[in-house]
Amino acid sequence: MIATPLDDGHKVCFWESLRRFERLYYSGKLQCRHEFAVMTAHGDSLVPRARDNIAEFFLNSTRHEYLLSLDSDLDFLPEDLTRLAKLASDHTLDFLVGKYAVKSDEARWCVDPLPGEVPDPAIGLQRIGLAPGGFTLVHRRVFEEMIKQASWWPHWRVAFNEDLTNRARWHFYFDGVVLDTEYWPDKPRGRYLSEDWGFSYFARRLGFALWLDTQTIALHRGETYYPLGARRMTADEAAPQ
């Protein structure tokens with residue numbers, strides 16, 4: 001299942017990328033053996049809560065094994081999504097991310113690497129320490145294991161709605177909970193992990209390996225595209241097929 005928490009919808013590059021994927025996928029031109037479905041979440045100004053709503057919808061829909069989260073400021077090719085799906089399926093990966101650059105520093109990628117880990121020269125996979133949520137494929141067993149282990153981490157349980165009525169659901173993405181010094185004890189900045197890095201942090205604590213596909217790269221849309229030297233789609237590539 002492909003899902004995205006929407007912002008103001010002004011990132012045209014994302015919609016062009018997503019609609020191009022849908023055209024090629026549903027016309028059978030991608031020659032993909034995996035079944036995809038697309039979902040967008042509207043009307044929520046809080047990204048962690050939007051991610052939680054998406055995860056709840058995904059878990060209640062037992063048709064799909066993987067949740068592919070895409071942020072609405074990314075520009076990607078249709079083959080990027082099918083490649084991630086194929087890698088995860090062929091190598092039984094629970095947590096796989098594609099690359100995209102940090103907006104404030106195009107020389108950095110939105111992942112935290114592990115010391116000594118290098119990409120597999122044949123398939124491009126590399127183990128990482130923390131993962132972003134914007135270009136991320138997660139198997140449902142990661143969410144299910146978090147639910148099983150909720151007794152030792154009560155933050156995963158959402159007890160009440162805004163109107164104070166009981167709500168039987170789960171809170172997987174949260175910020176302001178895990179200090180970065182818990183992950184980097186030698187770097188005492190005293191900042192909290194973001195909701196996506198926090199999610200990947202607990203996935204690793206539960207024994208799931210985080211993988212980066214170094215050969216799948218999306219462009220990150222800010223005031224310009226990041227990285228600045230990245231190749232954009234040609235007019236022929238972007239045209240309806």
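In the predicted model, D90 and R33 form a salt bridge in which the closest N and O atoms are 2.6 Å apart. This pair links distant parts of the chain, with D90 in helix α3 (residues 78–90) and R33 in the loop between α1 (12–26) and β2 (38–41), 57 residues apart. D90 is partly exposed, at 37% relative accessibility, whereas R33 is exposed, with a relative accessible area of 58%.

D90 also meets the side chain of K86 in a salt bridge, at 2.5 Å from N to O. Both D90 and K86 lie in helix α3, four residues apart, which is about one turn of the helix. K86 is partly exposed, its relative accessible area being 43%. Over the whole structure, a search finds eight salt bridges.

Another of these joins D71 to R51, with the closest N and O atoms 3.1 Å apart. D71 lies in the loop between β3 (66–70) and β4 (74–75) and R51 in helix α2 (residues 47–60), so the pair ties together parts that are 20 residues apart in sequence. D71 is buried, with a relative accessible area of 16%, and R51 is buried at 5%.

A further aspartate, D213, is located in strand β13 (residues 210–217). D213 is counted as buried because its relative accessible area is 0%, and buried means under 20%. The side chain of D213 makes a polar contact with the side chain of R83 at 2.7 Å. Leaving aside residues up to four places away in sequence, D213 touches R83, L84, L87, L96, V97, G98, K99, I123, G124 and L125.

How values were computed:
Residues numbered from 1 in each chain as written. Predicted model: local features only at pLDDT ≥ 70, side-chain atom pairs only at ≥ 80, totals over all residues. Heavy atoms only, no water. Helix = DSSP H or I, 4+ residues; strand = E, 2+ residues; numbered from the N terminus. Buried < 20%, exposed > 50% of the residue type's maximum accessible area, 1.4 Å probe, protein only. Polar contact = N/O pair within 3.5 Å; in protein donor to acceptor, adjacent residues only side chain to side chain. Contact = heavy atoms within 4.5 Å. Salt bridge = Lys/Arg side-chain N within 4 Å of Asp/Glu carboxyl O.
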